[in-house]
Amino acid sequence: MMTSKKVVELFYDVASPYSWLGFEVICRYKNVWNIDLKFRPAFLGGVMKGSGNKSPAMVQKKVLYMDKDLSRLRDYFNVPMQHPADPIGVIFKKGSLSAMRFLTAVQEREGGNTMAEQVSRELFLRIWNEDKDITEPGSLSEVPAAVKAGLSESEIKELLELYTSPKMKDKLRSTTQDALDYGAFGFPLLVCHVNSKAEVFFGSDRFELMAHCIGEKWLGPQPEK
């Protein structure tokens, strides 16, 4: 007899390379594990500020380690990540506020996950594979970030009007606060609801432990293999 699906929330920001790794892995498992996956696009800058966390860019050895770490993880997770010319600028200077509001609008308009998953992936690719901008409205509406994800021109126009609205700003702020309330200090953050209790996991390297906690089997980062 199939037990009810366990709700798993994924808090993420497309400016975070580790979010991309966690995003792809949990997407691969959404039909392998008995889970109900909820995407929670949130703002990394708000979480860093709200938690008092500091940018790893402030510690040179962390920057050097991240560069090597992401190169190894790219191959292990089979995610086509390429370092942008200025990764610290992408994450901490340019930021992702516009992109995350746009994603919030995509999810709000759809009322589900399908389009949000596709647009999220295209935005991750845009930053972490193609080294392109995600801060300007033109960047959000052009191929591949929105059109390639299956949105028509009229839908994109509607989203570009919606994502700057007070409602979307408030929704993103609220989601970011939800992440902080769960104890977030960075992304990705996975929250598994088990027996009326929230189990929180930070990072893209906690899937084995997460699987144990929700009664599932970890088959590696590429379960289809």
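This is a predicted model: local features need pLDDT of at least 70, side-chain atom pairs count only at pLDDT 80 or more; totals for chains, interfaces and linings use all residues.

Is Trp33 buried or exposed? I looked up its relative accessible area and got 4%, so Trp33 goes down as buried, the cut-off being under 20%.

**Entry: the partner of Trp33.** I checked the rings next. Trp33 pairs with Tyr29, with 4.2 Å from centre to centre and 40° between the planes, which puts the pair in the tilted class. Tyr29 has 0% relative accessibility, so I count Tyr29 as buried too.

**Entry: aromatic pairs.** How many aromatic pairs does a search of the whole structure find? I got 13. Then I looked at accessibility for both rings. Tyr12 comes out at 0%, so it is buried, and Phe39 at 3% is buried as well. I also found that Tyr12 and Phe39 sit in one aromatic cluster with Trp20, Phe23 and Phe124.

**Entry: helix pair.** The crossing of α1 past α6 is left-handed. Which residues make the contact? On the α1 side I listed Pro17, Ser19, Trp20, Phe23, Glu24 and Cys27. On the α6 side I have Glu117, Ser120, Arg121, Phe124, Leu125 and Trp128. Sorted by class, the contact has seven nonpolar, two polar and three charged residues. Trp20, Phe23 and Phe124 are in this contact, and they are also members of the aromatic cluster.

Entry: I finished with the annotation. The UniProt record, an unreviewed entry, puts the feature "active site" at Ser16. Where is Ser16 found? I located Ser16 in the loop between β1 and α1. Its relative accessibility is 5%, so Ser16 counts as buried. What does Ser16 contact, leaving aside neighbours within four places in sequence? I noted Leu44, Phe124, Trp128 and Phe187. Phe124 and Trp128 were already on my list for the α6 side of the helix contact.

Notes: Residues are numbered from 1 along each chain as its sequence is written. Side-chain values use heavy atoms; hydrogens and water are left out. A crossing is left-handed if the near helix is turned anticlockwise from the far one by less than a right angle, and right-handed if clockwise. Helices (H or I, at least four residues) and strands (E, at least two) are DSSP runs, numbered from the N terminus. Contact means heavy atoms within 4.5 Å. Ala, Val, Leu, Ile, Met, Phe, Trp, Tyr, Cys and Pro count as nonpolar, Asp, Glu, Lys and Arg as charged, and the others, Gly among them, as polar. Rings of Phe, Tyr and Trp (its six-membered ring) pair if their centres lie within 6.5 Å; planes under 30 degrees apart count as stacked, over 60 as edge-to-face and the rest as tilted. Buried means under 20% relative accessible area, exposed over 50%, partly exposed in between (1.4 Å probe, protein chains only). UniProt positions are given in the numbering used here, feature names are shortened, and annotations may be inferred rather than shown by experiment.
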